Structures are given as C-alpha cells and as structure tokens.
Amino acid sequence: EEAEMLLMNDIKYFAEAAERVVGRVAWSWINQRQRDVLTEMAYNMGEGNLKKFKNMIAAIEALDMDRAADEALDSRWAKQVGQRAERLAQRLRG
C-alpha cells in the first residue's frame, strides 16, 4: 500500500510538472493518453530536461500533435531510448 501511495504521489507530481512545461491551456486541450506521455517523459528525464524540447512544446501549444511527435523523435533523447521513444511518439499522435 505504501509503495502504491508513493507511486501515485510521483505520478501526480510529474503530471503537474508536465502541465507546467506545456502550459495549462495546452494541457487542457490534449487527451489523457498524450498527457500520460508527457508525464512519463517528465518522470524519466525531469521537468528541466522536458523544458528543453522547445519545438515539441511549441507544436503541442499549436495542437499539432503529429509535429510534436516528430520533434520528440528528432532528439538525442529519442536516440538514447530507442523503441520507447517510437512508442511514446505514436501515443502523442493521438
């Protein structure tokens, strides 16, 4: 029970971090699956590193999720995590 509570607290914390990065308005426009991708990215790399995805964030703010996915894949992070980046990008697309 304690481990589950700690996990839920972490998920909440990193979801809030992801929302801060993309902004409240864009966050409200994207679906839960896309929010989960951004939360996972924040969890794995931290809020500060997620902020560095400026082109991806701009695409999200423009609601261009295909471009956001392409921008995520055009990064050092995507090369480092390989197939996981492909799966997350696919989920970002919708």
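Contact here means heavy atoms within 4.5 Å. Helices (H or I, at least four residues) are DSSP runs, numbered from the N terminus. This is a predicted model, in which local features need pLDDT of at least 70 and side-chain atom pairs count only at pLDDT 80 or more, while totals for chains, interfaces and linings use all residues. Residues are numbered from 1 along each chain as its sequence is written, and side-chain values use heavy atoms, with hydrogens and water left out.

Start with helix α1, residues 2-22. Gly23 follows α1 and has a positive phi, near 95°. A residue is called buried under 20% relative accessible area, exposed over 50% and partly exposed in between (1.4 Å probe, protein chains only). In α1 the buried residues are Phe14, Ala15, Ala17, Ala18, Glu19, Val21 and Val22. They pack against α2 (24-29), α3 (32-45), α4 (47-50) and α5 (54-61). Within helix α4 sits Glu47, which is buried at a relative accessible area of 18%. Apart from neighbours within four places in sequence, Glu47 is in contact with Ala17, Arg20, Val21 and Ala42.

The next topic is the core. A nonpolar core is a set of buried Ala, Val, Leu, Ile, Met, Phe, Trp, Tyr and Cys residues joined through side-chain atoms within 4.5 Å. The largest one has 29 residues, of which Leu38, Met41, Met56, Ile60 and Trp77 touch the most other members. At least two residues of this core come from each of α1, α2, α3, α5, α6 (65-73), α7 (76-81) and α8 (83-92). Neighbours within four places in sequence aside, Trp77 is in contact with Met41, Met45, Phe53, Ala72, Arg84, Ala85 and Leu88.

Which rings pair? Rings of Phe, Tyr and Trp (its six-membered ring) pair if their centres lie within 6.5 Å; planes under 30 degrees apart count as stacked, over 60 as edge-to-face and the rest as tilted. By this rule there are three aromatic pairs. One of them, Phe14 with Tyr43, is edge-to-face, at 5.3 Å centre to centre and 85° between the planes. Because Phe14 lies in helix α1 and Tyr43 in helix α3, this pair ties together parts that are 29 residues apart in sequence. Phe14 is buried, at 15% relative accessible area, whereas Tyr43 is partly exposed at 46%. The ring centres of Phe53 and Trp77 are 5.9 Å apart with the planes at 80°, so this pair is edge-to-face too. Phe53 lies in the loop between α4 and α5 and Trp77 in helix α7, so the pair ties together parts 24 residues apart in sequence. Both Phe53 and Trp77 are buried. Tyr13, Phe14 and Tyr43 form one aromatic cluster.
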